[in-house]
Amino acid sequence: MSGEYEPESIFEIPVGPQHPALKEPILLHFKIEGDIIVDVIPRPAYTHRGIEKATEARNYIQNIYLCERVCGICSFIHTLVYTQGVERLAEVEPPPRAKYIRVIVSELERIHSHALWLGVAAHELGFDTLFYYIWRDRELVMDLLELITGNRVNYAMSTVGGVRRDITDEVAHQIKKGMKIFRERLDVYTEVVEQEPTLRKRVVDVGKLSPHDAVALCAVGPTLRATGVKRDVRADDPYQAYDEIPFNVATYHTGDVLAQIVVRVLEMYEAANIIDYALDHMPGGPIRVKVPWNIAPNEVISRGEAPRGELFYYFKSNGTEKPERVKIRTPTLANIPAVRQMLLGYHIAEIPIVFASIDPCLSCTARFSFIDVKTGKSWVWDREQLRRYSLKWYGKQ
Amino acid sequence: MAGKTSLEEAVEKLKAGIGAENVLEVKYQPPRNVFVLVKTEKLKDAVSYIMKNLNYQYVITITGVDLIKQNQMEVIYHLTDYSNTISLRVRIPRDNPKVPTITDIIPGATLYEREVHDMFGIVFEGHPNLVKLLLPDGWPEDLHPLRKDVTVQQIRERLEEERKKGVRGI
């Protein structure tokens, strides 16, 4: 892989649909010159489940549980944005206590999602010690979520008109204790990210994205904030109780994979602070109001900040108990054009970490097929082989 | 609230910018969203006015809606300056659904246009690469699943037929 490249020496490499860094399928069709990426064509067509069509055949309550299953990792934010939309459709306001409980659960979910991502990113970099440590600490948050909602995933917490379970004083005490321990652990990870040379070598100046491109390509969430653009739905278009809770929007200026890590670590601190503040200032009263079964013709949009970026729902009702149209836009779709830009000009060895850096939530598996267009020779690598190749390639540098 | 007045101002400016007669309907949705119906031939003017003159930065997504009773389709462009959202929409005839692309104004809209094309068969004229995005490779070109006259049963039967013909990947 050295020497001069001829223009016709461009290889085409289909990566996926069984995929490198993720749990879900996408086909990334790479054009490679030497081992430099010159073009990427993404095709996320392998997990279409027809959920938008299915919502039209179910009533508003059944759809909560359907929308919860759009995503396994950020399932709560889906129910939050869904129920918020239906409440706006019916022009019902949820009680204040329910809003605070929703904020607490969604911030706990953000911590668990970011911790999961940080572990996966560390694994992609060959830093498995960090992966094991961070996933151990993530269990702390998972236990708290189980304590509040009764489930580790798919919490069935938010419902139309409020939430289904209250947070008692005892549980609140447990959450605060958990956040104290988690903050101490976060200090350790901050130190690792700031000082560990083996980690920094892999992420500094890799997968760079300029703020201009990030905005033009409509990137969202931590991917956008890692380029220094201070945009967050929680602050810009506050929903639930976010307009009553002070918090900082975490940004970092470098736009590379390091910035993505830093932004997510800072967001975990912020989330812990938001949880503490919300627990201290939680109003009393009921947690749920009644909402009519049939909803008069209306249309609304509903936005929320999922761990990966902005989540968007559009609703149209028609006077019956079933919606006329529900449109869902998940943050990963918004970030695909940006990740394409981030990969250009980098090496094959950097595909796993750069693609993982947007925290994509599509679906994934484990097979890479490499085809040399000139000779017609092809070979297949699974994810582990690609990871090893990437580690070996970096070992030589 | 300050947010709402700035949204009202934005709608006033938009009316002045593209001509008030081209704005057919304005409907506010609290707290910070407005639905604006414009004439199809003024769509691109409206989008570029909102993006350039009003300094809106990004399109959240593009929604297709099948208005089967009116024999029309609706395309909604949710444009935002991150705080306020203008949901700009156009209505087009159902038997010949065509709108101009906005990808030359907003590069980030390309995947959303492809998604709406998949689901409703709406043609975005001038799109650089209007091919399937979310539906599988073997999916029939003329079957648009989110249209109201396509039932789940019909989709099942049609895919079964295609499989018998030997089409793979569905």
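Which residue just after helix 2 of chain B takes a positive phi? That's Asn55(B), with a phi of about 65 degrees. Keep in mind that this is a predicted model.

**Chain B at a glance**
- Chain B has four helices and seven strands.
- Starting at the N terminus, the order of its elements is α-β-β-α-β-β-β-β-α-β-α.
- Along the principal axes, the C-alpha atoms of chain B take up a box of roughly 60 × 30 × 30 Å.
- Of the 170 residues in chain B, 39% are buried.
- If you look at contacts in chain B between residues at least 6 apart in sequence, 54% of them link residues at least 24 apart.

**The hairpin in chain B**
- Strand 1 (residues 23-29) and strand 2 (residues 33-38) of chain B run antiparallel, with six bridges between them.
- Getting from strand 1 of chain B to strand 2 of chain B takes a hairpin of three residues.
- For a landmark on the pair, look at Val26(B), which sits opposite Val36(B) in strand 2 of chain B.

**Helix 2 of chain B**
- Helix 2 of chain B covers residues 43-53, and its buried residues are Leu43(B), Ala46(B), Val47(B) and Ile50(B).
- Why do the buried residues of helix 2 of chain B line one face of the helix? Looking down the helix axis, they fall within an arc of 95 degrees, so they end up along one face.
- Asn55(B), with its positive phi, comes just after this helix.

**Two domains in chain B**
- Chain B splits into domain 1 (2-130) and domain 2 (135-170).
- Where they touch, seven residues of domain 1 of chain B contact seven residues of domain 2 of chain B.
- On the domain 1 side, the elements giving two or more residues are strand 3 (58-67) and helix 3 (110-120) of chain B.
- Helix 3 of chain B supplies the largest share of that side, three residues.
- By class, the domain 1 side has three nonpolar, two polar and two charged residues.

**Where chain A meets chain B**
- Across the interface, 26 residues of chain A contact 29 residues of chain B.
- Several elements of chain A give two or more residues to its side, among them helix 1 (51-55), helix 8 (211-216), strand 6 (298-306) and helix 12 (331-343).
- Strand 7 of chain A makes the largest share of that side, with four residues.
- The chain A side has 13 nonpolar, two polar and eleven charged residues.

**Two domains in chain A**
- The domain assignment of chain A lists domain 1 as 10-47 + 337-396, and domain 2 as 63-202 + 236-245 + 278-329.
- Ten residues of domain 1 of chain A contact ten residues of domain 2 of chain A.
- On the domain 1 side, helix 13 (351-357) and helix 14 (383-396) of chain A are the elements that give two or more residues.
- Helix 13 of chain A gives the most to this side, with four residues.
- The class breakdown for the domain 1 side in chain A is seven nonpolar, one polar and two charged residues.

Conventions. Residues are numbered from 1 along each chain as its sequence is written. Chains are lettered from A and ligands numbered from 1 in the order in which they are written. This is a predicted model: local features need pLDDT of at least 70, side-chain atom pairs count only at pLDDT 80 or more; totals for chains, interfaces and linings use all residues. Domain bounds come from an automatic or database domain assignment. Two residues are in contact if their C-beta atoms, placed from the backbone, lie within 7 Å. Ala, Val, Leu, Ile, Met, Phe, Trp, Tyr, Cys and Pro count as nonpolar, Asp, Glu, Lys and Arg as charged, and the others, Gly among them, as polar. Two strands pair if DSSP finds at least two bridges between them. A residue is buried if 20 or more other C-beta atoms lie within 10 Å of its own, exposed if 12 or fewer, and partly exposed in between; C-beta atoms are placed from the backbone. The arc is that of the directions from the helix axis to the C-beta atoms.
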